[in-house]
Amino acid sequence: MNTPATAFRNALVAALGGFLFGFDTAVISGVEKSIQTLWSLDSFWHGFTVAAALMGTVIGALIAGRPAEKYGRKKVLQAIGLLYLVTSLVTALTPAWSLFVVFRFLGGIGVGASSVVGPMYIAEISPAHARGKLVGLFQFMVVSGILIAFVSNFLLFGVGEEAWRWMLGVQAIPALLYFVLVFFVPESPRWLVKEGRPDEALKVFVSIGEPRPAEAVEKIKASLHLETGGRRESVFNGQYNKPILYAVVLAMFNQLSGINAIMYYAPRIFEMTGLAKDTALLQAVSIGVTNMIFTLLAISVIDKFGRRTLLIIGSVGMVISLGLVTHAFYTKQYGGYAVMLYLVGFIAFFAFSQGAVIWVFISEIFPNKVRSQGQTLGSSTHWIMAAIISWTFPVLAESSEMGGFISFLIFTIMMLLHGFFAWKVLPETKGKSLEGIQESLGIH
């Protein structure tokens, strides 16, 4: 079945928040050594400065669900766009370390909120047969943002002593575009039904090509139990233990792969293997290109192969790739570009599996009445783990001659466990309506 142009357009606009998410995540890799030198930061405060944005993502992920429920998904997406715009300008222009950290933290709030509301909005506005592809657009835009950040860092490297300010400031351009375009997308039909506005929801369903729009509205009403008053329900009341387990563990494994440590510190990792800084920045671009290509491949097949299958395939590839990196750091035989090739392989398998699946799976595994709470739980778990790993990685990597080996050994073991979890525990959700997933989990 084809995806209606309106549904694709709405998803693409919402997914632009993912582009900013990815750009903000990766741009720091090109500036982290410059700001360490500028403000004379030791490894602890350097890690803290880099992780400041990730601390913000935890807060953003924790607080975004409530306003998205109260004011609607669209208004929160608009607020996120404005936050991206302001923080990118201030971090690029500030002369003070303290102000830099504060606004990196505030930018992180935008990233965390985007990771909750963006996929949730797209899932709620997508036809069931195309939901994986459309929510996957969010991740595709994330990796596109990462690639553009790496390319931008490479092109701006060497333009002056304060090239890092330009690296951070260019984010204001897509942030402004995103902020404007969000005004032109409709509100989530599932939020409209929840707010007692089914006629408006029906119009949205018709516009996105829902095959049976009236039936879809009635199913949402039934899943929300509106006839009993639609009272707010807690995701922790016991009957949602299965989706909580799936979302939290999957989100933890996403970061225990080492993906954010590699994205944030890619040039530094390459320098550890003997590459010069400008060459290391170019190799980081190769990671970004690989990430985008394999994410695109994944979202093109996710609705055909399923979420679980992609995770299992990815686990095998990630274990092999990370194992080779671990061996290289253990023997200190880096073989020129060998470590780069191993990490590119890891990125390919990560993008094809965890990268493409996580936001799709978390956005669809929770029932309508607790989806914002569930999305908040999954996203905040992801960002808490990201903050911990991004803060501790430089400390561990520089702690001894075996720091790199220990770091990648941990990542390898975690991906072995991830593969077992995907194989034995996770359910498949492809092709089912959001309400049908709820029924398959025995949630009433």
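**Close-up 1. The lining of the second largest pocket, with α11 (213-224) and α19 (434-440).** In this predicted model, α11 and α19 each supply at least two residues of the lining of the second largest pocket. The largest share, three residues, belongs to α11. Helices here are DSSP runs (H or I, at least four residues), numbered from the N terminus. A pocket is an open set of points on a 1 Å grid over the protein atoms alone, with protein on both sides within 12 Å along at least five of seven lines, and lining residues have an atom within 4 Å of a point. Of the 18 lining residues, A128, E210, P211, R212 and S433 lie nearest the pocket's centre. Eight of the lining residues are nonpolar, three polar and seven charged; Ala, Val, Leu, Ile, Met, Phe, Trp, Tyr, Cys and Pro count as nonpolar, Asp, Glu, Lys and Arg as charged, and the others, Gly among them, as polar.

**Close-up 2. The largest cavity, between two domains.** Domain 1 (1-185) and domain 2 (238-443) both contribute to the lining of this cavity, so it lies between them; the domain bounds come from an automatic or database domain assignment. A cavity is a set of grid points where a 1.4 Å probe fits but cannot get out. By class, the lining has 10 nonpolar, nine polar and no charged residues.

**Close-up 3. The second largest cavity.** Among the residues lining this cavity are D24, T87, F103, R104 and Q171. Two or more lining residues come from each of α1, α4 (73-93) and α5 (97-125). Here the classes are three nonpolar, five polar and two charged.

**Close-up 4. F236 in the loop between α11 and α12 (241-256).** F236 is exposed, with a relative accessible area of 57% (exposed means over 50%, with a 1.4 Å probe and protein chains only). Leaving aside neighbours within four places in sequence, F236 is in contact (heavy atoms within 4.5 Å) with I244 and L377. G374 is 138 residues away from F236 in sequence, yet their C-alpha atoms are 9.4 Å apart.

**Notes for all views.** Residues are numbered from 1 along each chain as its sequence is written, and side-chain values use heavy atoms, with hydrogens and water left out. For this predicted model, local features need pLDDT of at least 70 and side-chain atom pairs count only at pLDDT 80 or more, while totals for chains, interfaces and linings use all residues.

Definitions and conventions: Buried means under 20% relative accessible area, exposed over 50%, partly exposed in between (1.4 Å probe, protein chains only). Grid points are joined across faces, edges and corners, and a volume is the space filled by probe spheres set on the points.
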